[in-house]
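Dear colleague,

Please find the structure below, handed over for your study.

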Amino acid sequence: MNRSILIVLCDFLLLSLLLFSSVDINKASLNSPAQLATSITPATNQVSGKQDLGDVMRLALDEERKNRDQLLGELTRTRAVVNQQSQQIQNTKEQLQTKEQQAAQLAEEQAKLQGQVAAAQTNIANLNEQLHATTVETVITKEQRAVMEAEARKQAEKAAALEKQLAQLQSSNQVMQSDRNTLQSQLQLSEASNRSAMAQMTQLQEEVDAQRRENVRLSDGVKALATKSSELAREIHDSRPMTPNMIFEEMSTNRVMASFNGIKPGLFGADASKDKQAQTILVTEGTNIFALCHVQDTPLTLWNPGTQWEELSGSLTRGSAAFSINSLSFCLMDPRVVLIPVPTAQARALACKVYHLSKDPYVFQDAVVVGTRETYYGECSFQIDVSTPQYLKMDHNSLKGLFGKFNPSSGDLVLSKSGELLGVMANNNYCAIMRNFDTAATFRFGPDSRNQPTARTLANLYTFVSDLPFKLQ
C-alpha cells in the first residue's frame with residue numbers, strides 16, 4: 001500500500017472516530033417531540049464521515065486498479081513485440097535454410113562444371129597432340145587435319161564457355177555466402193532482442209503479480225479498517241446513552257402490529273373465537289429474527305387444565321405490508337414470553353428496524369420501559385437479584401414516567417440506554433432477560449394448526465411457571 005494512501009486512510013479513520021464519539025449535550029435535556037426532531041440532525045455528520053472514509057478507500061482501490069491495468073497493458077504490448085520478433089526469427093531461419101540449400105545446389109553445379117572443364121581441357125590436349133603428330137608425320141590428309149582442327153576449336157570454345165559459367169557460379173556463390181552471413185547476423189540480433197524482450201516480459205509479469213498481491217493486501221486492509229471502524233462506531237454508540245425520548249421515538253416508528261385469533265369449542269357445541277392484538281418489535285440475536293410479546297397478548301393462557309384450540313391464526317402488519325404467522329414458540333427460560341419467527345424476506349418487506357439483544361445488560365443502571373398495549377413509556381432503574389440471575393428487578397421507587405400513565409406491567413418491552421432489547425416484563429416487577437431464542441414448545445398456525453395437543457402443552461408450561469419462585473410468578 002502506498003504510504004500516502006495509508007496516511008490519508010488513517011486520517012479519515014481518526015476523523016470518523018471523532019465524529020462518532022462527539023456527544024451532543026443538548027440531547028440529554030430533550031423532553032419534547034419538537035426538540036427531539038432537531039436532535040437527530042448530527043447523525044448526518046456521522047454518515048458523512050463514513051461516506052468520506054469509504055470514498056477514500058474506494059479511491060485507493062481505484063488507483064491500485066489503474067496501476068495494475070497499466071502494467072497489464074505494458075505486459076500485453078511486450079508479449080505482442082515478443083511474438084512479432086519470434087515470427088521474424090522464424091522467417092529469418094527459413095530464409096537462411098533456403099540460402100543454404102541454394103548454396104549446396106550451386107556447389108554441386110560448380111563441381112559438375114569443373115569436371116566438364118577438366119574433360120574439355122583433356123580433349124583439347126589430346127587433339128593438339130594428335131594434330132602435332134599428324135603435322136610432323138604428314139601421314140593424314142588435309143581433310144582429316146581440318147576436321148581435327150575444327151574439333152579442337154569446338155572443344156576450346158566449349159571449355160571457354162564452361163570457364164565463364166564457372167566464374168558466374170563462383171560469383172553467385174560469393175553473393176549467396178554474403179547473404180547467408182547477413183541473415184546469420186540478423187538472426188543473432190533478433191535472438192538477442194527476443195531474449196531482452198522475454199526478460200522485460202518476465203519482469204513485467206513479476207510486477208503485475210506483485211501489484212495483484214498488493215491489491216489483495218490493500219483490499220484486506222480496507223476491509224479490516226472498515227470492520228474496525230464499524231466495531232469502534234458500534235462500541236462508541238453502545239457506550240453512549242440514549243434519552244428515553246429518543247428510544248421511544250425510534251421504537252414508535254418501527255413497531256409491528258401482531259394480531260392473533262383462536263377458535264375453541266364453545267357451549268352447546270358451538271365454536272368460540274378469541275382475538276388479541278399487541279404492538280411489538282423485531283429482534284435478532286445475529287442469525288434469526290423474531291417478534292416478541294407476552295403470552296397474555298395472545299388468545300393462549302397458561303393454565304391447568306389447558307385449552308384445546310381447534311384453530312390458531314395470526315398476522316404481522318406494518319403499513320401496507322402484512323404476513324401470516326406460521327408458528328408461535330414459547331421461550332425456554334420463561335414460557336410467558338412468546339416468539340414469532342419472521343423470515344428475512346418478510347422482515348425486509350416490513351421495512352422496520354430489527355433490534356439486537358443486549359450483549360451487556362448491566363452496562364447502564366437505568367432502562368426504558370415501553371408499553372405494548374397502552375401508549376406509555378418511562379425510565380426506570382433496575383436491581384440485580386443474585387437469586388434470579390435470568391431476571392432484572394425493576395425499582396418502582398425510581399419510576400420516571402415521561403408520556404401517558406406510566407405503570408409498567410407484564411408484557412412491556414424493556415430496552416437498554418443503548419437502544420438494544422433487554423427483555424420482556426414477565427410480571428409487574430421482574431423483566432425476563434432475553435439472551436437467546438431457545439424454545440420450550442411450538443404451536444403451528446394457519447391450516448396446519450388443527451390436531452395439536454395444545455391443552456397438554458399449555459398445562460405443562462403452566463406447571464413450569466408455577467415452579468418458579470413466587471416473586472417471579
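This is a predicted model: local features need pLDDT of at least 70, side-chain atom pairs count only at pLDDT 80 or more; totals for chains, interfaces and linings use all residues.

**Findings**

Glutamine 452 is buried, as its relative accessible area is 5%. Glutamine 452 belongs to the loop between β17 (439–444) and α8 (454–466). Leaving aside residues up to four places away in sequence, glutamine 452 touches Gln308, Thr442, Phe443 and Arg444.

The largest nonpolar core has 58 residues, and Leu282, Leu292, Leu300 and Phe330 have the most contacts inside it. Strand β4 (residues 289–294) gives the most to this core, namely five residues. Apart from it lies another core of 11 residues, including Ala367, Cys380, Cys431 and Ile433.

How many aromatic pairs does a search of the whole structure find? There are four aromatic pairs. One of them is tilted: phenylalanine 290 and phenylalanine 437 are 4.6 Å apart, centre to centre, with 50° between the planes. Phenylalanine 290 is in strand β4 and phenylalanine 437 in the loop between β16 (430–433) and β17, so this pair ties together parts that are 147 residues apart in sequence. Both phenylalanine 290 and phenylalanine 437 are buried.

Phenylalanine 330 and phenylalanine 443 form an edge-to-face pair, with 5.3 Å from centre to centre and 80° between the planes. Because phenylalanine 330 lies in strand β7 (residues 327–331) and phenylalanine 443 in strand β17, the pair ties together parts that are 113 residues apart in sequence. Phenylalanine 330 is buried, with a relative accessible area of 0%, and phenylalanine 443 counts as buried at 2%.

Finally, the charged end of lysine 353 sits over the ring of tyrosine 355, 4.6 Å from the centre of that ring.

Yours sincerely

Methods. Residues are numbered from 1 along each chain as its sequence is written. Side-chain values use heavy atoms; hydrogens and water are left out. Helices (H or I, at least four residues) and strands (E, at least two) are DSSP runs, numbered from the N terminus. Buried means under 20% relative accessible area, exposed over 50%, partly exposed in between (1.4 Å probe, protein chains only). Contact means heavy atoms within 4.5 Å. A nonpolar core is a set of buried Ala, Val, Leu, Ile, Met, Phe, Trp, Tyr and Cys residues joined through side-chain atoms within 4.5 Å. Rings of Phe, Tyr and Trp (its six-membered ring) pair if their centres lie within 6.5 Å; planes under 30 degrees apart count as stacked, over 60 as edge-to-face and the rest as tilted. A charge sits over a ring if NZ of Lys or CZ of Arg is within 6 Å of the ring centre and within 35 degrees of the ring normal.
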